[in-house]
Amino acid sequence: MATKDELQAIADQEIDDAKPMYAQVNNERREFTDAEYDQAKIDLGNSKWEAQQFGYVQARQEAYDSTGNQLDQLFWDIHNNKLDKTGEWYKAIKAVKDANPKPE
């Protein structure tokens, strides 16, 4: 897991490597100002940090089965007296969480 400073250094290098970068202002294309380059570095660094810290949330949301299917799994787990770690719902949720761990 990278620190915020490490991710910011990567972002800074990526912006430097992408130079020149351009903005469209009043129908004219011009190179970024120093302030715009600085802001682009900050924005990219923050984006990298948020992806590292919170990317697991979106990954889990995309991996979870539909609510209807989860409710059906719970129904059958209740019906089969498996509201424990042997139930299908628990195993499915645990698999998603294991595949997309929360950063420490």
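Q: Is Lys41 buried or exposed in this predicted model?
A: Lys41 is found in helix α2. Its relative accessibility is 17%. Buried means under 20%, so Lys41 counts as buried.

Q: Which residues is Lys41 in contact with, leaving aside its neighbours within four places in sequence?
A: Lys41 belongs to α2 and takes part in the contact between α1 and α2. With neighbours within four places in sequence left aside, the residues in contact with Lys41 are Gln8, Ala11, Asp12, Ile15 and Asp16.

Q: How are the axes of α1 and α2 oriented, and what is the handedness of the crossing?
A: The axes of helix α1 (residues 4-18) and α2 come within 8 Å and cross at roughly 135°. That angle makes α1 oblique to α2. The handedness of this crossing is right-handed.

Q: Which residues of α2 make the contact with α1?
A: On the α1 side, the contact is made by Lys4, Leu7, Gln8, Ile10, Ala11, Asp12, Glu14, Ile15 and Asp16. On the α2 side, the residues are Tyr37, Ala40, Lys41, Ile42, Leu44, Gly45, Asn46, Lys48, Trp49 and Gln52.

Q: Is Ala35 buried or exposed?
A: Ala35 lies in helix α2. Its relative accessible area is 54%. The cut-off for exposed is over 50%, so Ala35 is exposed.

Q: What separates the C-alpha atoms of Ala35 and Ile78?
A: Ala35 is a residue of helix α2. Along the chain, Ala35 and Ile78 are 43 residues apart. Their C-alpha atoms are separated by 60 Å.

Q: Which side chain of opposite charge is nearest to Arg60, and how many Å away is it?
A: Arg60 lies in helix α2, which covers residues 34-63. Arg60 is buried yet has no salt bridge. A salt bridge needs a side-chain nitrogen within 4 Å of a carboxyl oxygen. The nearest side chain of opposite charge to Arg60 is Asp98, 7.3 Å away.

Q: Which residues is Arg60 in contact with, leaving aside its neighbours within four places in sequence?
A: Arg60 sits in helix α2. Once neighbours within four places in sequence are left aside, Arg60 is in contact with Val96, Lys97, Asn100, Pro101 and Lys102.

Q: At what angle do helix α3 and helix α4 pack, and which residues in α4 meet α3?
A: Helix α3 (residues 67-79) and helix α4 (residues 88-99) have axes 7 Å apart and pack at an angle of about 140°. That makes α3 oblique to α4. From α3, the residues are Gln70, Gln73, Leu74 and Asp77. Those in α4 that they meet are Glu88, Trp89, Tyr90, Ala92 and Ile93.

Definitions and conventions:
Residues numbered from 1 in each chain as written. Predicted model: local features only at pLDDT ≥ 70, side-chain atom pairs only at ≥ 80, totals over all residues. Heavy atoms only, no water. Helix = DSSP H or I, 4+ residues; strand = E, 2+ residues; numbered from the N terminus. Buried < 20%, exposed > 50% of the residue type's maximum accessible area, 1.4 Å probe, protein only. Lys, Arg positive; Asp, Glu negative; His and termini not counted. Contact = heavy atoms within 4.5 Å. Axes fitted to C-alpha atoms, helices over the stretch in contact; angles between N-to-C directions. Parallel < 35°, antiparallel > 145°, perpendicular 65-115°, else oblique. Left-handed = near helix turned anticlockwise from the far one by under 90°.
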